Structures are given as structure tokens and as C-alpha cells.
Amino acid sequence: MIGEINQNNVHLLIPSKLFWLAPRLAKEKGISLIEAITMVYSSDTYKMLAQEDTKKWHWSPVDLYNELISSIPIQE
């Protein structure tokens with residue numbers, strides 16, 4: 001039986017989402033992986049992902065990426 005996702009364990013799902021988001025952001029925006037990780041962790045998208053009640057942990061990495069790039073200012 002699969003356990004229930006709640007605020008106490010939603011953090012376990014985040015690394016798998018970030019594993020895809022950060023390299024994609026780095027590649028698409030021409031920034032370093034460290035810069036991309038910093039952007040992801042400081043974004044509103046990450047804050048919402050870390051809150052179980054938003055249910056963003058259900059979202060695909062592509063949907064999260066689209067939300068991320070629409071919510072953070074990126075210098076080009």
C-alpha cells in the first residue's frame with residue numbers, strides 16, 4: 001500500500017522534480033547549474049511545491065517548468 005502524501009513527507013517528492021527542472025533551466029537560459037538551482041529554490045514555484053495543500057507535487061516537470069519560467073525574472 002502506498003502511503004498518504006502530507007506536509008510531513010511531501011519534501012521527499014521534490015528532488016525528483018528538481019532533478020529535471022534545474023538542468024533544463026540552465027540549458028534553456030544559458031546559466032550555470034548552480035545558478036539554476038538557486039533560482040529554483042528561491043522561486044515561488046518551489047515554495048508552492050513544498051506545500052502539500054497546493055497539490056503541485058502532482059504536476060509534471062514540464063508543467064512546473066512552465067510555471068517557474070513565468071514566475072521568475074530572468075536576465076538575458
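## Overall fold

The protein has four helices and zero strands, where helices (H or I, at least four residues) and strands (E, at least two) are DSSP runs numbered from the N terminus. Along the sequence the pattern reads α-α-α-α. The radius of gyration is 13 Å, close to the 11 Å that the globule rule gives for 76 residues, so the protein is as compact as a globular protein of that length. This radius is taken over C-alpha atoms, and the rule is 2.2 Å times the number of residues to the power 0.38.

This is a predicted model, in which local features need pLDDT of at least 70 and side-chain atom pairs count only at pLDDT 80 or more, while totals for chains, interfaces and linings use all residues. Residues are numbered from 1 along each chain as its sequence is written, and side-chain values use heavy atoms, with hydrogens and water left out.

## Burial and contacts

Of the 76 residues, 30% count as buried (under 20% relative accessible area, with a 1.4 Å probe and protein chains only). Contacts are heavy atoms within 4.5 Å. Among contacts between residues at least 6 apart in sequence, 59% join residues at least 24 apart.

## Glutamate 52

Glutamate 52 lies in the loop between helix H3 (44-49) and helix H4 (61-71). With a relative accessibility of 13%, glutamate 52 counts as buried. Leaving aside residues up to four places away in sequence, glutamate 52 touches Ile5, Asn6, Gln7, Val10 and Trp57.

Notes. Buried < 20%, exposed > 50% of the residue type's maximum accessible area, 1.4 Å probe, protein only.
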